Amino acid sequence: MSKTTSGFNYEIDERIKKDWDFLGAVEDLQEKPSRQNIEKLSTMLIGENGLEDLKKHIRAQNDGFCPVDVLSKELAEIIQSDNNIKK
């Protein structure tokens with residue numbers, strides 16, 4: 001299990017790093033940063049429950065709101081924490 005600097009605990013299934021569909025999701029997000037693409041990539045990366053837990057974590061620190069920039073920062077930190085995902 002890993003942790004972001006804000007204290008969010010997450011786990012990444014190692015198999016996702018070599019998954020064809022995940023690579024496509026990363027490319028889709030880079031080409032078009034939309035809510036749909038962020039959710040798709042996030043769900044693939046940390047799972048549905050993980051994404052819901054992340055949003056709860058963010059809301060707990062932001063008066064019940066889940067700012068897009070904070071969510072994006074957390075996800076970027078998760079992705080950047082493992083160089084194998086970026087390849």
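This is a predicted model: local features need pLDDT of at least 70, side-chain atom pairs count only at pLDDT 80 or more; totals for chains, interfaces and linings use all residues.
Select residues 68-80 to display α3, whose 13 residues reach 18 Å from the first C-alpha to the last, close to the 18 Å expected. Within α3, colour L71, E74, L75, I78 and I79, which are buried. They cover an arc of only 135° around the axis, which puts them on the same side of α3. Turn the view to the face of α3 that points away from this buried side, and there you will find the exposed residues D69, K73 and Q80.

Next, select L45, I46, L54 and I78, which touch the most other members of the largest nonpolar core, a set of 17 residues. Helices α1 (20-31), α2 (35-61) and α3 each supply at least two residues of this core, and the largest share, 6 residues, comes from α2.

Now move to the salt bridges, of which the structure holds 5. Select K17 and E14, whose closest N and O atoms are 2.6 Å apart; K17 is buried, at 15% relative accessible area, whereas E14 counts as exposed at 52%.

Then show K40 with D28, a salt bridge in which the closest N and O atoms are 3.9 Å apart. This pair links distant parts of the chain, with K40 in helix α2 and D28 in helix α1, 12 residues apart.

Because they lie 4 residues apart in helix α2, E39 and R35 are separated by about one helical turn.

Definitions and conventions: Residues are numbered from 1 along each chain as its sequence is written. Side-chain values use heavy atoms; hydrogens and water are left out. The expected span of a helix is 1.5 Å times one less than its number of residues. Buried means under 20% relative accessible area, exposed over 50%, partly exposed in between (1.4 Å probe, protein chains only). The arc is that of the directions from the helix axis to the C-beta atoms. A nonpolar core is a set of buried Ala, Val, Leu, Ile, Met, Phe, Trp, Tyr and Cys residues joined through side-chain atoms within 4.5 Å. A salt bridge is a side-chain nitrogen of Lys or Arg within 4 Å of a carboxyl oxygen of Asp or Glu.
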